[in-house]
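Subject: A structure for you to explore

Hi there,

Here is the structure I promised to pass on. Please open it alongside this email, and then read on for what I found.

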Amino acid sequence: MRLCYLKVVIPAARIIEIFSSIQGEGVYVGQWHLFVRFWDCNLSCHYCDTDYRGAYQELTREELLSRVEEKIGKEGPHQAVSLTGGEPLLWWKFLREFLPTLKALGQRVYLETNGTLPDALREVMPWVDTIAMDVKPPSATGGRPLWRSHEAFLRLGVEAKRDLFVKIVVTPETSTGELEGSFKLIAGVDSEIPVVLQPVTPCGAVSGAPEEFRMDEWRRLAGTLLRNVEVIPQVHRLLGVP
Ligand code: SF4
(Lines give C-alpha, C1' and ligand atoms only; values in the text may rest on other atoms or scores of the structure.)
Protein backbone atom coordinates (compact mmCIF):
# COMPACT_ATOMS: atom_id res chain seq x y z
CA MET A 1 0.00 0.00 0.00
CA ARG A 2 1.32 3.45 -0.84
CA LEU A 3 1.25 6.04 1.87
CA CYS A 4 0.13 9.49 0.81
CA TYR A 5 1.51 12.45 2.68
CA LEU A 6 -0.50 15.64 2.74
CA LYS A 7 1.73 18.67 2.67
CA VAL A 8 0.38 21.07 5.29
CA VAL A 9 1.35 24.63 4.48
CA ILE A 10 1.70 26.63 7.66
CA PRO A 11 1.39 30.30 6.75
CA ALA A 12 4.06 32.72 7.86
CA ALA A 13 3.90 36.50 8.05
CA ARG A 14 6.42 39.26 7.57
CA ILE A 15 6.87 41.04 10.88
CA ILE A 16 8.78 44.31 11.05
CA GLU A 17 8.94 44.62 14.83
CA ILE A 18 7.44 43.54 18.14
CA PHE A 19 7.65 46.02 20.99
CA SER A 20 5.95 47.19 24.16
CA SER A 21 4.86 50.80 24.53
CA ILE A 22 1.97 53.00 25.48
CA GLN A 23 -0.86 53.21 23.01
CA GLY A 24 -0.35 56.68 21.61
CA GLU A 25 -3.47 57.12 19.49
CA GLY A 26 -7.22 56.96 19.78
CA VAL A 27 -9.59 56.45 22.67
CA TYR A 28 -7.34 53.96 24.50
CA VAL A 29 -4.40 56.33 24.61
CA GLY A 30 -2.09 55.64 27.54
CA GLN A 31 -2.73 51.89 27.77
CA TRP A 32 0.24 49.52 27.82
CA HIS A 33 0.17 47.56 24.57
CA LEU A 34 2.32 44.96 22.89
CA PHE A 35 2.63 46.05 19.26
CA VAL A 36 3.12 43.57 16.43
CA ARG A 37 3.94 45.49 13.27
CA PHE A 38 3.14 43.72 9.99
CA TRP A 39 4.91 44.43 6.73
CA ASP A 40 3.36 46.28 3.78
CA CYS A 41 0.33 48.46 3.18
CA ASN A 42 -2.26 48.81 0.43
CA LEU A 43 -2.26 52.62 0.72
CA SER A 44 0.43 55.27 0.73
CA CYS A 45 -0.70 58.22 2.80
CA HIS A 46 1.38 61.34 2.32
CA TYR A 47 1.84 61.75 6.10
CA CYS A 48 2.78 58.11 6.77
CA ASP A 49 5.46 57.88 9.46
CA THR A 50 6.05 54.11 9.18
CA ASP A 51 8.63 52.31 7.08
CA TYR A 52 6.10 49.61 6.24
CA ARG A 53 8.29 48.00 3.58
CA GLY A 54 11.40 47.99 5.72
CA ALA A 55 13.39 45.03 7.05
CA TYR A 56 11.29 42.15 8.31
CA GLN A 57 11.47 38.67 9.74
CA GLU A 58 9.27 35.91 8.38
CA LEU A 59 7.63 34.20 11.35
CA THR A 60 5.30 31.23 11.55
CA ARG A 61 2.31 31.22 13.84
CA GLU A 62 4.27 29.30 16.49
CA GLU A 63 7.31 31.56 16.22
CA LEU A 64 5.25 34.73 16.57
CA LEU A 65 3.31 33.30 19.50
CA SER A 66 6.52 32.40 21.26
CA ARG A 67 7.91 35.95 20.67
CA VAL A 68 4.71 37.40 22.11
CA GLU A 69 4.87 35.13 25.15
CA GLU A 70 8.54 36.00 25.64
CA LYS A 71 7.76 39.74 25.58
CA ILE A 72 4.89 39.38 28.00
CA GLY A 73 7.10 37.31 30.30
CA LYS A 74 9.74 40.04 30.21
CA GLU A 75 7.62 43.20 30.24
CA GLY A 76 4.68 42.01 32.33
CA PRO A 77 1.00 42.00 31.46
CA HIS A 78 -0.20 44.21 28.62
CA GLN A 79 -3.70 45.60 28.22
CA ALA A 80 -3.84 44.43 24.60
CA VAL A 81 -1.84 43.01 21.76
CA SER A 82 -2.04 45.64 19.06
CA LEU A 83 -1.86 44.39 15.46
CA THR A 84 -0.46 47.26 13.46
CA GLY A 85 1.39 48.01 10.27
CA GLY A 86 1.37 48.83 7.46
CA GLU A 87 -1.98 47.16 7.11
CA PRO A 88 -2.23 44.00 9.22
CA LEU A 89 -5.33 42.75 7.39
CA LEU A 90 -3.18 42.12 4.30
CA TRP A 91 -2.11 39.08 6.40
CA TRP A 92 -5.63 37.84 7.11
CA LYS A 93 -4.81 34.24 6.14
CA PHE A 94 -2.01 34.18 8.68
CA LEU A 95 -4.14 36.00 11.28
CA ARG A 96 -6.92 33.44 10.90
CA GLU A 97 -4.45 30.83 12.14
CA PHE A 98 -2.56 32.97 14.62
CA LEU A 99 -5.34 34.84 16.45
CA PRO A 100 -7.07 31.81 17.99
CA THR A 101 -3.76 30.86 19.63
CA LEU A 102 -3.28 34.45 20.85
CA LYS A 103 -6.80 34.52 22.28
CA ALA A 104 -6.07 31.20 24.01
CA LEU A 105 -3.41 33.10 26.01
CA GLY A 106 -6.19 35.36 27.27
CA GLN A 107 -4.95 38.38 25.32
CA ARG A 108 -7.20 41.20 24.16
CA VAL A 109 -6.74 41.70 20.42
CA TYR A 110 -6.66 45.30 19.23
CA LEU A 111 -6.66 45.79 15.47
CA GLU A 112 -5.24 49.01 13.99
CA THR A 113 -6.41 49.19 10.40
CA ASN A 114 -6.98 51.58 7.53
CA GLY A 115 -10.49 50.20 7.20
CA THR A 116 -10.36 49.35 3.50
CA LEU A 117 -10.42 45.53 3.50
CA PRO A 118 -13.86 44.47 4.73
CA ASP A 119 -13.60 40.92 3.33
CA ALA A 120 -10.40 40.38 5.30
CA LEU A 121 -11.99 41.79 8.45
CA ARG A 122 -14.84 39.29 8.13
CA GLU A 123 -12.31 36.44 8.13
CA VAL A 124 -10.70 37.46 11.44
CA MET A 125 -13.64 39.07 13.22
CA PRO A 126 -14.25 36.25 15.72
CA TRP A 127 -10.89 36.90 17.41
CA VAL A 128 -10.81 40.70 17.35
CA ASP A 129 -11.91 42.62 20.45
CA THR A 130 -11.25 46.24 19.47
CA ILE A 131 -11.19 47.78 16.01
CA ALA A 132 -9.30 51.06 15.71
CA MET A 133 -10.22 52.04 12.17
CA ASP A 134 -8.91 54.95 10.16
CA VAL A 135 -11.10 56.77 7.69
CA LYS A 136 -8.86 58.06 4.91
CA PRO A 137 -10.21 61.02 2.95
CA PRO A 138 -8.84 61.45 -0.60
CA SER A 139 -6.41 64.20 0.50
CA ALA A 140 -4.66 61.60 2.71
CA THR A 141 -4.04 59.00 0.05
CA GLY A 142 -3.98 61.11 -3.11
CA GLY A 143 -5.90 58.26 -4.67
CA ARG A 144 -9.47 57.25 -5.39
CA PRO A 145 -12.07 57.79 -2.65
CA LEU A 146 -12.45 54.83 -0.31
CA TRP A 147 -15.96 55.61 0.93
CA ARG A 148 -17.55 52.33 -0.15
CA SER A 149 -14.98 50.07 1.47
CA HIS A 150 -14.95 52.25 4.60
CA GLU A 151 -18.71 52.01 4.89
CA ALA A 152 -18.75 48.22 4.39
CA PHE A 153 -15.98 47.88 6.98
CA LEU A 154 -17.80 50.02 9.54
CA ARG A 155 -21.05 48.13 9.04
CA LEU A 156 -19.32 44.80 9.62
CA GLY A 157 -17.79 46.00 12.87
CA VAL A 158 -21.08 47.43 14.14
CA GLU A 159 -23.08 44.35 13.13
CA ALA A 160 -20.56 42.13 14.92
CA LYS A 161 -20.94 44.40 17.99
CA ARG A 162 -17.22 44.93 18.26
CA ASP A 163 -15.64 47.66 20.33
CA LEU A 164 -14.96 50.09 17.50
CA PHE A 165 -13.82 53.64 17.04
CA VAL A 166 -12.75 55.71 14.06
CA LYS A 167 -9.69 57.90 13.79
CA ILE A 168 -9.24 60.56 11.12
CA VAL A 169 -5.82 62.16 10.74
CA VAL A 170 -6.28 65.78 9.72
CA THR A 171 -3.60 67.83 8.00
CA PRO A 172 -3.34 71.32 6.46
CA GLU A 173 -4.38 69.64 3.16
CA THR A 174 -7.62 68.22 4.61
CA SER A 175 -10.73 69.92 3.22
CA THR A 176 -13.88 70.65 5.19
CA GLY A 177 -15.91 69.06 2.39
CA GLU A 178 -14.19 65.68 2.61
CA LEU A 179 -14.38 65.72 6.38
CA GLU A 180 -18.09 66.45 6.22
CA GLY A 181 -18.40 63.48 3.84
CA SER A 182 -16.50 61.31 6.34
CA PHE A 183 -18.71 62.37 9.25
CA LYS A 184 -21.88 61.74 7.22
CA LEU A 185 -20.64 58.31 6.23
CA ILE A 186 -19.96 57.35 9.86
CA ALA A 187 -23.24 58.86 11.10
CA GLY A 188 -25.08 56.93 8.38
CA VAL A 189 -23.83 53.71 9.96
CA ASP A 190 -24.15 54.73 13.62
CA SER A 191 -23.82 58.25 15.05
CA GLU A 192 -22.70 56.73 18.39
CA ILE A 193 -19.41 55.44 16.95
CA PRO A 194 -16.62 57.33 18.76
CA VAL A 195 -14.60 59.48 16.35
CA VAL A 196 -11.13 60.85 17.07
CA LEU A 197 -9.79 63.78 15.08
CA GLN A 198 -6.02 63.44 15.21
CA PRO A 199 -4.01 66.50 14.10
CA VAL A 200 -1.09 65.23 12.05
CA THR A 201 2.29 65.29 13.79
CA PRO A 202 4.73 67.38 11.75
CA CYS A 203 7.62 65.17 10.63
CA GLY A 204 9.36 64.23 7.37
CA ALA A 205 7.33 65.55 4.45
CA VAL A 206 4.69 67.02 6.79
CA SER A 207 5.74 70.51 7.80
CA GLY A 208 2.85 71.55 10.02
CA ALA A 209 -0.40 70.64 11.74
CA PRO A 210 -3.74 72.27 10.89
CA GLU A 211 -4.32 75.69 12.39
CA GLU A 212 -6.23 75.83 15.66
CA PHE A 213 -9.27 77.60 14.20
CA ARG A 214 -9.65 74.85 11.58
CA MET A 215 -9.49 72.13 14.23
CA ASP A 216 -12.21 73.98 16.09
CA GLU A 217 -14.33 74.32 12.94
CA TRP A 218 -13.97 70.58 12.19
CA ARG A 219 -14.70 69.55 15.77
CA ARG A 220 -17.91 71.63 15.73
CA LEU A 221 -18.93 70.24 12.36
CA ALA A 222 -18.35 66.68 13.57
CA GLY A 223 -20.43 67.42 16.65
CA THR A 224 -23.45 68.33 14.51
CA LEU A 225 -23.49 64.79 13.07
CA LEU A 226 -21.81 62.53 15.63
CA ARG A 227 -22.32 62.07 19.36
CA ASN A 228 -18.80 61.10 20.51
CA VAL A 229 -16.09 63.29 19.03
CA GLU A 230 -12.65 63.86 20.56
CA VAL A 231 -9.51 65.67 19.44
CA ILE A 232 -6.45 63.63 20.46
CA PRO A 233 -2.91 64.13 19.11
CA GLN A 234 -0.30 61.35 18.85
CA VAL A 235 0.66 61.14 22.51
CA HIS A 236 3.60 58.76 22.02
CA ARG A 237 5.22 61.40 19.81
CA LEU A 238 4.76 64.04 22.50
CA LEU A 239 6.42 61.70 24.99
CA GLY A 240 9.15 60.65 22.57
CA VAL A 241 8.43 56.92 22.90
CA PRO A 242 7.97 54.41 20.04
S1 SF4 B 1 -2.63 53.33 5.90
FE2 SF4 B 1 -1.26 53.71 7.64
S3 SF4 B 1 0.57 52.49 7.23
FE4 SF4 B 1 -0.59 52.60 5.32
S5 SF4 B 1 0.33 54.33 4.23
FE6 SF4 B 1 -1.45 55.11 5.37
S7 SF4 B 1 -0.58 55.84 7.34
FE8 SF4 B 1 0.95 54.50 6.40
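Let's start with a term you will need: two strands pair if DSSP finds at least two bridges between them. Helices (H or I, at least four residues) and strands (E, at least two) are DSSP runs, numbered from the N terminus. Please keep in mind that this is a predicted model, in which local features need pLDDT of at least 70 and side-chain atom pairs count only at pLDDT 80 or more, while totals for chains, interfaces and linings use all residues. Residues are numbered from 1 along each chain as its sequence is written.

**The sheet**

Nine strands make up an open sheet with mixed pairing, in the order E3-E1-E2-E4-E5-E6-E7-E8-E9. At its edges are E3 (57–60) and E9 (229–231), each of which pairs on one side only. From one strand to the next, the twist averages 30° (axes are lines fitted to C-alpha atoms, for helices over the stretch in contact, and angles run from 0 to 180 degrees between N-to-C directions).

Strand E1 (residues 12–22) pairs with E3 in the antiparallel sense over four bridges, and Ile-15 stands opposite Gln-57 in E3. Elsewhere, strand E6 (residues 130–134) and E7 run parallel, joined by five bridges; Ala-132 has Phe-165 in E7 as its bridge partner. E7 and E8 also run parallel, again with five bridges.

**A buried spot**

Strand E7 (residues 163–170) is largely enclosed by the rest of the structure, because six of its eight residues are buried (20 or more other C-beta atoms within 10 Å of a residue's own; 12 or fewer is exposed, in between is partly exposed, and C-beta atoms are placed from the backbone).

In E8, Leu-197 is the bridge partner of Ile-168. Leu-197 counts as buried because it has 24 C-beta neighbours inside 10 Å. Its C-alpha atom is separated by 4.8 Å from that of Val-231, 34 residues apart along the chain.

**Two helices**

How do H6 and H7 cross? The axes of helix H6 (residues 176–189) and helix H7 (residues 212–225) come within 9 Å and cross at roughly 25°. That angle is why H6 is roughly parallel to H7 (under 35 degrees; over 145 is roughly antiparallel, 65 to 115 roughly perpendicular and the rest oblique). Residues making the contact include Phe-183 of H6 and Trp-218 of H7 (in contact means C-beta atoms, placed from the backbone, within 7 Å).

Happy exploring!

Notes:
Contact = placed C-beta atoms within 7 Å.
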